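Hi there,

Here is the model I promised to pass on. Have a look at it first, and my notes follow below.

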Amino acid sequence: MGAGSLCVLAASVLWGTTGTAATFAPAVGPLAIGAVAMGFGGLLQALVAAPGIARQAPELRARLSVVLLGAVAVAVYPLAFYSSMHLAGVAVGTVISIGTAPLASAVIERIADRHRLTRRWTFGAALGLTGTVMLCAAEAARTHDDPGTASVGATLLGVLWA
């Protein structure tokens, strides 16, 4: 239990600093950073997960379409994440990426498993989306007023990638 908690804590710290660290390498494009993160992290995860994957192979083959969808999502995520931070900024890219994950999960669960979305979930989602829209509007207004920042169009594209 202690080692697992420490691993989760270490992963949180490392993941939470990747966007900021990427801003210190402006000569390296966001797609290159995402590809390296995906390649190195993916290989490490595959190595750790290989025994469990082998044990679950029949179940994974039975749900091949879901596995393939997950693989595509995992491949696209770092590329979109680092592109969003490059275009919209670290704070906006990170907050939107983290904030929309539960929404996307619930929508996928609704479509794939036919789970009903409750009023409580809808209210929470509405609050979260309101905050996200306010953050995006504030960032877009800042980019419009500050000539040293990215354009409004770049910020909006970054929001879309997030």
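Helices (H or I, at least four residues) and strands (E, at least two) are DSSP runs, numbered from the N terminus. Read that way along the sequence, the protein chain runs α-α-α-α-α-α-α, with seven helices and zero strands.

Two notes on the source before the details. This is a predicted model, in which local features need pLDDT of at least 70 and side-chain atom pairs count only at pLDDT 80 or more, while totals for chains, interfaces and linings use all residues. Residues are numbered from 1 along each chain as its sequence is written, and side-chain values use heavy atoms, with hydrogens and water left out.

For the overall dimensions, the C-alpha atoms of the protein chain fill a box of roughly 55 × 45 × 35 Å along the principal axes. Of the 162 residues in the protein chain, 19% are buried (buried means under 20% relative accessible area, exposed over 50%, partly exposed in between, with a 1.4 Å probe and protein chains only).

Ile53, Leu60, Leu64, Val67 and Leu68 make a nonpolar patch of about 400 Å². Patches are made of residues with over 30% relative accessible area and no salt bridge; like charges are joined within 9 Å, and nonpolar side chains (Val, Leu, Ile, Met, Phe, Trp, Tyr) within 5 Å. A salt bridge here is a side-chain nitrogen of Lys or Arg within 4 Å of a carboxyl oxygen of Asp or Glu. Helix α4 (residues 64-88) gives the most to this patch, with three residues. Ile53 belongs to helix α2 (residues 30-55), and its relative accessible area of 44% makes Ile53 partly exposed.

Helix α4 also packs with helix α7 (residues 152-161), at an angle of about 155 degrees and with the axes 7 Å apart. The two helices, α4 and α7, are therefore roughly antiparallel to each other (the term is used for angles over 145 degrees).

Which residue is worth a look in helix α5 (residues 90-113)? I would pick Val92, which sits in that helix and counts as buried at 3% relative accessibility. From Val92 to Val133 there are 41 residues in sequence and 11 Å in space, C-alpha to C-alpha.

Lastly, Arg114 lies in the loop between α5 and α6 (119-145). Arg114 has a positive phi of about 60 degrees, although it is not a glycine, and at 65% relative accessibility Arg114 counts as exposed.

Best wishes

Note on methods:
Accessible areas come from the Shrake-Rupley method with a 1.4 Å probe; for residues, only the protein chains shown count as cover. Axes are lines fitted to C-alpha atoms, for helices over the stretch in contact, and angles run from 0 to 180 degrees between N-to-C directions. Angles under 35 degrees count as roughly parallel, over 145 as roughly antiparallel, 65 to 115 as roughly perpendicular and the rest as oblique.
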